[in-house]
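Thanks for coming, everyone. Please have the sequence and the model open while I talk.

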Amino acid sequence: MDRDRRAAITASLQRMTGDLLRAAPESLSPHTPFIDMGADSAMLIQLLSRIEARYGHRIKIRDLFDELSCLAALAAHLDQGPPPAHAVPTSAVVQTLADSAPTVATTPAAPTAPAAPTAPPHATASAQQAHHLQALIGRYTRRTAQSRALTQQHRAELADSRGVAGFRQAIKEITYPIVGARYRAARLWDVDDNEYVDIAMGFGVHLFGHSPAFVHQALLAQMETGFGIGPQPVLAGQLARLFVKLTGTERVAFCQSGSEAVMTALRLARTATRREKIALFRGSFHGHFDGVLAQSAGGDAPSAPITLGVSAGAVRDVVVLDYGEPSALDYLRAHAGELAAVLVEPIQSRRPDLQPRAFLHELRAITAAAGTALIFDEIITGFRLHLGGAQAFFGVRADLATYGKVPGGGLPLAAVAGSRRFMDGIDGGQWQYGDASGPEADRTFFAGTFNKPPLSLAAALAVLGHLEQKAPRSRSSSTHAPASSSTSSTATCRPRARPHRSCTADRCSASCCAATSSCSITTSSIAASTSGRAAAASCRPRTPRPTSRTWSPRSTTAWPSWATLVSTQNPGR
Ligand SMILES: Cc1ncc(COP(=O)(O)O)c(C=O)c1O
């Protein structure tokens, strides 16, 4: 063994890992497991792609949870050089950003010898941990035996990222999705007849619980008249009118999935601006469209794909910035004029505590001055956080916004909505019969067989109609102080069961201000909706802040209209 070479590899791995974890390389002990360093699957995928680029050595992510679980082991492995050609795994690291719960899965290797019936406990687990794990696996597999059996039974035919999500050898025996059988209100039952309270809310879809009566009835009524595809559905125009009214946007186009809506929003931004580059933020999730599956390659290097199967070209024009950080604003101040769009997930589902109000206002100002589209991804926040979504919550009007999940009431429906300047790229804009008018704006390509399916439209009309009736007409745009006072003020909270603590206007602790009747953001349900984890709701602001602006549907005086906001701020309009 060449000690110098091994040390050099270790140091290089420390630098890569430190860069990804935002930690000083020397603070990372070569013997600390990656998990204990705070690494998650997405970060490990990035590490592996850097290792592959640097050493030409492809490693499977699951190995980082087993025999290569720390820097020292990884360095020793790399020091031995790449495996012989015939041993290069045919499988690959794949990041599965399926549905709304980003997970990492490794594709199984080419068929090998059958696995042992029970997985050995994690190599580094203590005897007590191993014992606990085995007992848990025993209880869990007995209780959900049908889900497990069905998953195994159909694995050969059903290529399913959910069936392998989070695969690790140590927990292999409990790696299968729960198979649902019945759903009602806040509960669901699996095929073993276990009853669950559904805190994941269908990844954020079921705002009113499962099968709410008003959606059920709308669907039955639509079933009676049919659900044909082809002619323009009679409900499309009605839904568009209600949609723009509630969201305060000018125009809307419907599609099937949030990923499609994001793809369309970016295409519209590029069409209107004739620019190609876009910026988005580290830690955000925008679905599985190739053009957003980018990671920073460090320095001035172009972004790189975060997963196999995405070409380098697909993300070459994507700049990945740090959310809520001054460095991002500095970059944008210098380069916004080169960008077609800045795409933001205003409250990242992975970090619901980060709510950078002042940052978002500054983003709005910079993009408006540069004629760059500000796109809010409201696929989780839309209709949930507020009728006007995160835009109303933060008091920031985006040029384009993407929606999904809630409006479809459980059926597939997503939307991109926004100002005419950008939305006219779909159809050329407004014109009428009987005169010389016609579609004036330059158009891009937008299509989809299932863009306006009658059943989804009927469900969405029922959902939006319900929200229109029941949602508060005028509501705080935030329980927090306006941006201008954010640095000096803190909202003191009164925990229900914990010592006093406080949160700043920009950083609201999920366990501090979530899911209370007086807090308009239920960060716990946001977290739960995307990760299946419920955050504790423990306190509420002691003194509700005076509201800087109220929200009500479009064309009220309380909320600036598009005309005022966009034309004064956006010279490109
Ligand atoms: C913020 C955000 N954007 C986009 C998407 C992608 O939506 P879909 O899964 O409908 O493609 C998701 C899905 O969870 C999301 O949370």
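**A walk through the model**

R274 sits in the loop between α10 (258–273) and β7. The model is a predicted one, so please keep that in mind throughout. R274 is not a glycine, yet its phi is positive, at about 60°. Is R274 buried or exposed? R274 counts as exposed, because its relative accessibility is 56% and the cut-off for exposed is over 50%.

There is another positive phi to look at. A185 has phi near 50°, again a positive value in a residue other than glycine. Where is A185? A185 is in the loop between β3 (180–184) and β4. A185 is partly exposed, with a relative accessible area of 40%.

Now step back to the whole chain. The protein chain has 573 residues, and 50% of them count as buried. There are 19 helices and 19 strands. Take the contacts between residues at least 6 apart in sequence: 70% of these join residues at least 24 apart. The accessible surface comes to about 26300 Å². Carbon and sulfur atoms hold 54% of that surface.

Next, helix α12. α12 runs over residues 326–335, and A328, L329 and L332 are buried in it. An α-helix has 3.6 residues a turn, so residues three or four places apart point the same way. Turn to the other side of α12, and P326 and A334 are exposed.

What do the buried residues of α12 pack against? Their partners are β7 (277–281), β10 (318–321), β11 (339–344) and α13 (357–370). Recall that the loop holding R274 leads from α10 to β7.

Let's stay with α12 and α13. Their axes come within 10 Å and cross at roughly 5°. The two helices are therefore roughly parallel to each other. From α12, the contact uses A328, L329, L332 and R333. From α13, it uses F359, E362, L363 and I366. By type, the residues of this contact are six nonpolar, no polar and two charged.

Now a few single positions elsewhere. A417 is in strand β14 (residues 414–418). A417 counts as buried because its relative accessibility is 0%. What does A417 touch, beyond its neighbours within four places in sequence? A417 is in contact with F243, T249, R251, V252, D399, L400, A401, Y403 and M423. A417 and A398 are 19 residues apart in sequence, and 9.8 Å separates them in space, C-alpha to C-alpha.

Loops next. N194 lies in the loop between β4 (187–190) and β5 (195–197). Buried or exposed? N194 is buried, with a relative accessible area of 11%. Leaving out residues up to four places away in sequence, N194 touches R143, T144, L188 and W189.

Compare E67, which is in the loop between α3 (41–55) and α4 (71–79). E67 is exposed, at a relative accessible area of 55%. From E67 to H77 there are 10 residues in sequence and 9.7 Å in space, C-alpha to C-alpha.

I'm happy to take questions.

Terms used
Residues are numbered from 1 along each chain as its sequence is written. This is a predicted model: local features need pLDDT of at least 70, side-chain atom pairs count only at pLDDT 80 or more; totals for chains, interfaces and linings use all residues. Side-chain values use heavy atoms; hydrogens and water are left out. Buried means under 20% relative accessible area, exposed over 50%, partly exposed in between (1.4 Å probe, protein chains only). Helices (H or I, at least four residues) and strands (E, at least two) are DSSP runs, numbered from the N terminus. Contact means heavy atoms within 4.5 Å. Axes are lines fitted to C-alpha atoms, for helices over the stretch in contact, and angles run from 0 to 180 degrees between N-to-C directions. Angles under 35 degrees count as roughly parallel, over 145 as roughly antiparallel, 65 to 115 as roughly perpendicular and the rest as oblique. Ala, Val, Leu, Ile, Met, Phe, Trp, Tyr, Cys and Pro count as nonpolar, Asp, Glu, Lys and Arg as charged, and the others, Gly among them, as polar. Accessible areas come from the Shrake-Rupley method with a 1.4 Å probe; for residues, only the protein chains shown count as cover.
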